[in-house]
Amino acid sequence: MRIKIALSRVCLALLACGYSVAGVAADVNVEALVSAEAIHSDNVNRSADKESGQVFIIGAGLNSTITGNDGELALDYLAQQAIYSYDSDKNQLYHELDFNSRKGLGNSGVSAVLDAGMTTLPNDFSSNPLSDVVSGDLVQQSNVDAGLEFESNPRGWLDVRASARAGLNYYDDERSGDSQRYSGNLSVNNGSKAKTWFWDLSSNYVYREARDSDQATESVKYKGELGLQQIRGWSPFVRGVGESYFQGVQANNDLGEQESWGPAVRYYPSRNSYLELSYNFTRDDNDNDDYVGAALSWAPTSRTTLYAEYGQRFFGDAYEFLFQHRKRRLTTSISYNEEPVSFDREFFTDGDDITQLSLRRSLSASVSLALKRTTYTFSGRHVRQKRLSGDQINSENINYGVGLSISHQLTRDWTARVGADYDRYELENQTVEQQDDDYYRFNIGFDQRIAEELFLVYSYAFSDRASNVSSSEYQENRLSVQLRKNF
């Protein structure tokens with residue numbers, strides 16, 4: 001019931017916002033689709049005890065962008081009604097939604113923003129982290145976020161940006177994760193009139209609280225930099241950074257904090273690239289040693305960007321990395337990030353308390369080569385999530401995997417697809433000391449255009465799960481055909 005109420009409120013808000021923006025719209029783009037798919041699986045429950053069955057999925061989607069003189073809106077929505085031949089009690093309507101909107105309030109520099117989303121996640125990662133609509137072991141997540149943003153004229157002495165937001169997060173099984181969120185951001189930079197000095201002051205505040213208890217998490221982060229603009233490629237400055245994290249009943253437990261300050265210098269070999277070194281005096285209760293930080297920002301062309309940074313945070317050594325490159329038909333992207341998270345069902349297993357903070361380290365990579373008729377895509381991923389405090393149950397979960405897909409246009413109306421994926425999950429839960437699962441997947445398919453924007457999609461997929469928990473092992477063969485119409 002709560003998910004239906006939340007959905008109706010989101011839809012009403014989207015309609016109101018869309019009407020407001022469309023009233024002054026300069027550009028409107030709308031695309032839609034409808035589909036019907038029939039699927040046969042020889043292991044519909046993906047379990048050691050095989051049971052064959054059919055699943056029928058009826059889908060409808062809408063993609064729309066509206067750009068106005070003082071606002072913009074983007075909507076991407078897909079609804080899928082799943083009908084199970086072997087168990088009508090499993091029949092369910094699934095939603096996928098990504099909505100973002102912004103509406104300027106006159107010439108004040110203030111904008112009203114409204115974001116919303118809906119997605120499906122595995123109900124329990126120890127059961128199967130690769131659950132989908134066919135297996136049906138999913139939980140529907142819904143969120144809505146609204147607030148105000150302010151942006152000053154950057155052509156003056158100051159470039160000021162600020163925001164204040166509030167949001168709600170729901171999971172339709174009500175097991176864990178329903179929460180409310182309040183956040184604020186403020187950044188003050190030098191405007192284009194400042195020619196000698198530069199400054200960068202920013203702060204971020206986030207408070208999350210469970211809707212069924214007074215458990216909460218709170219984070220505060222800030223950064224300050226003040227220095228001279230480039231002098232023959234050199235830019236000396238001083239900096240200070242700090243962060244604090246709290247959790248527990250009304251977030252009254254100090255989980256970790258760190259503050260540091262010190263001198264730094266950047267060298268610019270070109271206008272858009274620099275190398276930075278800093279010496280940081282650390283101030284915290286743990287008497288951590290001072291450290292030398294470094295950062296590299298390299299952008300030799302508009303098609304290549306690289307950023308790498310080393311520092312220290314309250315949990316120890318900290319790294320950040322981002323590389324993006326586009327050259328003709330080749331696109332490469334690699335990123336690495338470390339950040340505490342809470343109230344997130346990623347890696348959720350039975351008995352886990354996601355109101356506590358966990359440290360998530362994420363590495364992702366993708367390489368795409370688009371030739372005249374063939375496209376090759378390689379992807380890699382590694383995620384490590386570790387509990388920062390509390391008991392040792394679910395203390396650390398790990399996923400890493402690789403994937404390769406190939407798409408080849410056979411004729412004007414036929415396209416062939418083939419793909420292979422491998423994933424390993426190492427999960428710590430209450431039933432065993434550690435659950436290690438290996439997933440091997442292979443798929444092949446053909447897309448046939450039978451009329452203008454009307455397609456038939458034929459697919460075969462094979463999945464194999466090996467596990468140190470013998471009752472979790474399974475194999476599945478799946479055949480499907482889909483009829484899709486784009487508008």
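Predicted model: local features only at pLDDT ≥ 70, side-chain atom pairs only at ≥ 80, totals over all residues.
Colleague: What volume does the largest cavity have?

Modeller: About 130 Å³. Its lining is made by 18 residues, and the ones nearest the centre are Glu-346, Asp-352, Ser-358, Gln-385 and Arg-387.

Colleague: Which strand gives the most to that lining?

Modeller: That's E19, with three residues. Strand E20 (396-409) also supplies at least two.

Colleague: And how does the lining divide into nonpolar, polar and charged?

Modeller: Four residues are nonpolar, seven are polar and seven are charged.

Colleague: What does Asp-352 form a salt bridge with?

Modeller: With Arg-387, and the closest N and O atoms are 2.6 Å apart. Asp-352 sits in the loop between E17 and E18 while Arg-387 is in strand E19, so the pair ties together parts that are 35 residues apart in sequence.

Colleague: Is Asp-352 buried or exposed?

Modeller: Asp-352 counts as buried, because its relative accessibility is 14% and the cut-off for buried is under 20%. Arg-387 is buried too, at 9%.

Colleague: Why would side chains like that pair at all?

Modeller: Side chains of opposite charge can pair when their charged atoms come close.

Colleague: OK, how many salt bridges are there by the count?

Modeller: The count comes to 36. One of them joins Glu-338 to Arg-361, with the closest N and O atoms 3.2 Å apart. Glu-338 lies in strand E17 and Arg-361 in strand E18, so this pair ties together parts 23 residues apart in sequence. Glu-338 is buried at 5%, whereas Arg-361 is partly exposed at 23%.

Colleague: Which residues are linked in a network of salt bridges?

Modeller: Glu-72, Arg-102, Asp-115, Asp-145, Glu-149, Arg-165 and Arg-181.

Colleague: Changing topic: which residues make the nonpolar surface patch?

Modeller: Leu-330, Val-367, Leu-369, Leu-371, Tyr-376, Phe-378, Val-402 and Leu-404 make a patch of about 600 Å². Strands E18, E19 and E20 each give two or more residues to the patch. Leu-371 is in the loop between E18 and E19, and this residue is partly exposed, at 39%.

Terms used. Residues numbered from 1 in each chain as written. Heavy atoms only, no water. 1 Å grid on protein atoms, 1.4 Å probe; cavity = no way out; pocket = protein on both sides within 12 Å on 5 of 7 lines; lining within 4 Å. Points joined across faces, edges and corners; volume = space filled by probe spheres on them. Helix = DSSP H or I, 4+ residues; strand = E, 2+ residues; numbered from the N terminus. Nonpolar A, V, L, I, M, F, W, Y, C, P; charged D, E, K, R; others polar. Patch = residues over 30% accessible without salt bridge, like charges linked within 9 Å, V, L, I, M, F, W, Y side chains within 5 Å. Areas by Shrake-Rupley, 256 points an atom, 1.4 Å probe, with all protein chains shown as cover. Salt bridge = Lys/Arg side-chain N within 4 Å of Asp/Glu carboxyl O. Buried < 20%, exposed > 50% of the residue type's maximum accessible area, 1.4 Å probe, protein only.
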